[in-house]
Amino acid sequence: MFLGEKPKQELTFALAGQDFRPAVTFIWTVVPYRIAWRYSGAEEKLALLDIGHVCQNLYIACEAENMGTCAIGAYMQEPLDKFIGVDGETEFSIYASPVGKL
Ligand SMILES: Cc1cc2nc3c(=O)[nH]c(=O)nc-3n(C[C@H](O)[C@H](O)[C@H](O)COP(=O)(O)O)c2cc1C
């Protein structure tokens, strides 16, 4: 979605004030059940491994397109969950990455 000024400010707030002035921001979420039903007991580890792979692939794609990204793990959980409209329990944000031309 394209963001107006107010949602942009809300996103920057949720990202703990980090504003890279990106063209687009990826925000990834976890749905714990989708890992837990199969890998019960190891779901946290596997979710973290998974999102690491996903974000690394974004870095690789950006490199190929002469673009840049920066993984953001230091965001604020509740404001970011609220911003993207997930409940924070059955689905919650786990990582974000702004992307833009270098
Ligand atoms: C799990 C994780 C979380 C990160 N969170 C942030 C962040 O919130 N803000 C930020 O500017 N960089 C963040 N980064 C990017 C790191 O700051 C960056 O990879 C690190 O400084 C190494 O930079 P270098 O390759 O230039 O040495 C994160 C990286 C990882 C792997």
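**View 1. The aromatic residues Phe-26, Trp-28 and Tyr-95 form one cluster.** Phe-26 is partly exposed, with a relative accessible area of 33%, where buried means under 20% relative accessible area, exposed means over 50%, and partly exposed lies in between, calculated with a 1.4 Å probe on protein chains only. The model is a predicted one, in which local features need pLDDT of at least 70 and side-chain atom pairs count only at pLDDT 80 or more, whereas totals for chains, interfaces and linings use all residues. Residues are numbered from 1 along each chain as its sequence is written, and side-chain values use heavy atoms, with hydrogens and water left out. Rings of Phe, Tyr and Trp (the six-membered ring of Trp) are taken as a pair if their centres lie within 6.5 Å, and planes under 30 degrees apart count as stacked, over 60 as edge-to-face and the rest as tilted. By this rule there are 2 aromatic pairs. The ring centres of Phe-26 and Trp-28 are 5.8 Å apart and their planes stand at 25 degrees, so this pair is stacked. Trp-28 and Tyr-95 make a tilted pair, with 6.3 Å from centre to centre and 50 degrees between the planes. Because Trp-28 belongs to strand E1 and Tyr-95 to strand E3, this pair ties together parts that are 67 residues apart in sequence. Trp-28 counts as buried at 15% relative accessibility, while Tyr-95, at 21%, counts as partly exposed.

**View 2. An open sheet of 3 strands has the order E1-E3-E2, with antiparallel pairing.** Helices (H or I, at least four residues) and strands (E, at least two) are DSSP runs numbered from the N terminus, and two strands pair if DSSP finds at least two bridges between them. E1 and E2 stand at the edges with a single partner strand each, so one side of each is left without a neighbour in the sheet. Neighbouring strands of this sheet are turned by 25 degrees against each other on average, direction ignored. The antiparallel pairing of E1 with E3 runs over 7 bridges, and Val-30 stands opposite Phe-92 in E3.

**View 3. Helix H3 lies across E1, E2 and E3 and runs at about 5 degrees to E3.** Axes here are lines fitted to C-alpha atoms, for helices over the stretch in contact, and angles run from 0 to 180 degrees between N-to-C directions. The 22 residues of H3 (residues 43–64) should span 32 Å at 1.5 Å a residue, and the end C-alpha atoms are 32 Å apart, which agrees; the expected span is 1.5 Å times one less than the number of residues. Ala-47, Ile-51, Cys-55, Leu-58 and Cys-62 of H3 are buried. They cover an arc of only 55 degrees around the axis, which puts them on the same side of H3, the arc being that of the directions from the helix axis to the C-beta atoms. On the other side of H3, Lys-45, His-53, Glu-63 and Ala-64 are exposed. The cover over the buried residues of H3 includes strand E1 (24–30), helix H2 (33–39), strand E2 (67–69) and strand E3 (92–101). Just after H3, Asn-66 takes a positive phi of about 55 degrees.

**View 4. Thr-69 lies in strand E2.** Thr-69 counts as buried at 17% relative accessibility. Leaving aside residues up to four places away in sequence, Thr-69 touches Leu-58, Tyr-59, Cys-62, Ser-97, Pro-98 and Val-99, where contact means heavy atoms within 4.5 Å.
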